[in-house]
Amino acid sequence: LVLLGSCAAGWTSVPAIAAICQMAAGDGMADLVGRRWGTVKWPWSKSKSIVGSIAFFVAAFAVTLAEIAWFHAFGLVPVSPT
């Protein structure tokens, strides 16, 4: 629902674009890594693995850093060194 709302309501804003890319990259990596190496599951969800969740976080973080660099290179997001 977050992805659908971001696409429908704010697809031209930088935070919405970041959310869409984070969900796409993070969910894809969580699926691939979780299916391959996800033997240890979360206690509250037997279908989700701990390594898949870590893969989601790492992929989403990497995509966010790449987006910030990309947006800054084209002047869409000013990054001030403070």
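Is Ser47 buried or exposed? In this predicted model, in which residues are numbered from 1 along each chain as its sequence is written, local features require a pLDDT of at least 70 and side-chain atom pairs count only at pLDDT 80 or more, while totals for chains, interfaces and linings use all residues. Side-chain values use heavy atoms, with hydrogens and water left out. Ser47 is exposed, because its relative accessible area is 60% (buried means under 20% relative accessible area, exposed over 50% and partly exposed in between, with a 1.4 Å probe and protein chains only).

The chain contains three helices and two strands, where helices (H or I, at least four residues) and strands (E, at least two) are DSSP runs numbered from the N terminus. Read from the N terminus on, the order of the elements is α-α-β-β-α. Strand β1, residues 41–42, runs antiparallel to β2 and is joined to β2 by two bridges; strands are taken to pair if DSSP finds at least two bridges between them. Trp42 has Ser45 as its bridge partner in β2, and a hairpin of two residues connects β1 to β2. Ser47 also belongs to strand β2.

Of the 82 residues of the chain, 22% count as buried. The accessible surface comes to about 6100 Å², and carbon and sulfur atoms contribute 73% of this area; accessible areas come from the Shrake-Rupley method with a 1.4 Å probe, and for residues only the protein chains shown count as cover. Among contacts with a separation of 6 or more, 42% involve residues 24 or more positions apart, a contact meaning heavy atoms within 4.5 Å.

The largest pocket has a volume of about 260 Å³. On a 1 Å grid over the protein atoms alone, a cavity is a set of points where a 1.4 Å probe fits but cannot get out, whereas a pocket is an open set with protein on both sides within 12 Å along at least five of seven lines, and lining residues have an atom within 4 Å of a point. Grid points are joined across faces, edges and corners, and the volume is the space filled by probe spheres set on the points. The lining of the largest pocket consists of Asp27, Ala30, Asp31, Gly34, Arg35, Lys41, Ser47, Lys48, Ser49, Gly52, Ser53 and Phe56. Two or more of these residues come from each of α2 (14–37), β2 (45–49) and α3 (50–73), and α2 provides the largest share, five residues. By class, the lining comprises two nonpolar, five polar and five charged residues (Ala, Val, Leu, Ile, Met, Phe, Trp, Tyr, Cys and Pro count as nonpolar, Asp, Glu, Lys and Arg as charged, and the others, Gly among them, as polar).

Two lining residues, Ser47 and Arg35, are 12 residues apart in sequence, with their C-alpha atoms 9.9 Å apart in space. Ser53, another residue of the lining, is found in helix α3 and counts as partly exposed because its relative accessibility is 31%. Between Ser53 and Ala30, 23 residues apart in sequence, the C-alpha to C-alpha distance is 6.0 Å.

Helix α3 also holds Ala62 and Leu65. Ala62 is partly exposed, at a relative accessible area of 42%, and its C-alpha atom lies 9.1 Å from that of Ala25, 37 residues away in sequence. Leu65 likewise counts as partly exposed, at 46% relative accessibility. The C-alpha atoms of Leu65 and Ala18 are separated by 9.9 Å, the two residues being 47 residues apart along the chain.
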